[in-house]
Amino acid sequence: MAWFAVSPRDSADPRWPLPDRASITLKAEDAEEARSKFLEAYPSRPFGTPSSPVPDAGDAGFAQDPDALTVAPTSVPPSP
């Protein structure tokens with residue numbers, strides 16, 4: 001398995017679930033599997049509106065916009 005860095009194409013994209021990190025590093029067989037793992041772990045679905053806070057109420061995540069994510073091979077991340 002290889003390591004992949006997943007990041008938003010636009011660094012100001014409000015759908016990015018980790019505002020304190022420019023990218024996340026995932027281990028996967030290929031870029032598509034890395035994208036799938038990211039979408040599973042961070043669905044980025046909003047919790048409705050302030051007047052109707054319902055989980056998974058919208059489709060503002062990256063699942064319907066595959067070009068909004070950049071998936072690139074990277075080296076092994078340093079251990080925490």
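Colleague: Why does Ser7 count as buried?

Modeller: First, the ground rules: this is a predicted model, where local features need pLDDT of at least 70, side-chain atom pairs count only at pLDDT 80 or more, and totals for chains, interfaces and linings use all residues. Residues are numbered from 1 along each chain as its sequence is written, and side-chain values use heavy atoms, with hydrogens and water left out. Now, buried means under 20% relative accessible area (exposed is over 50%, partly exposed in between; 1.4 Å probe, protein chains only). Ser7 comes in at 17%, so buried is the label.

Colleague: What is Ser7 in contact with, leaving aside neighbours within four places in sequence?

Modeller: Contact means heavy atoms within 4.5 Å. On that basis Ser7 meets Trp16, Ala22, Ser23, Ala68, Leu69 and Thr70. Ser7 itself sits in strand β1; strands (E, at least two residues) and helices (H or I, at least four) are DSSP runs, numbered from the N terminus.

Colleague: Why is Trp16 called buried?

Modeller: Its relative accessible area is 8%, so it falls in the buried class.

Colleague: And what makes Trp16 and Phe62 an edge-to-face pair?

Modeller: Rings of Phe, Tyr and Trp (its six-membered ring) pair if their centres lie within 6.5 Å; planes under 30 degrees apart are stacked, over 60 edge-to-face, and the rest tilted. There are four aromatic pairs by that rule. For Trp16 and Phe62 the centres are 6.4 Å apart and the planes make 70°, hence edge-to-face. Trp16 is in the loop between β1 and β2, Phe62 in the loop between α1 and β3, 46 residues apart. Phe62 is buried too, at 1%, and ring pairs join Trp16, Phe38, Tyr42 and Phe62 into a cluster.

Colleague: What makes a set of residues a nonpolar core?

Modeller: They must be buried Ala, Val, Leu, Ile, Met, Phe, Trp, Tyr or Cys, joined through side-chain atoms within 4.5 Å. The largest core here has 13 residues, with Val6, Trp16, Ile24, Ala34, Phe38, Phe62 and Leu69 touching the most other members. β1 (2-8), β2 (24-28), α1 (31-41) and β3 (69-74) each give at least two residues, and β2 has the largest share, three.

Colleague: How do you know that Asp13 and Arg15 make a polar contact?

Modeller: That term needs N or O atoms within 3.5 Å; within protein, one must be able to donate a hydrogen and the other to accept it, and residues adjacent in sequence count only if both atoms are side-chain atoms. The Asp13 and Arg15 side chains are joined at 2.8 Å. Asp13 is also buried, at 11%.
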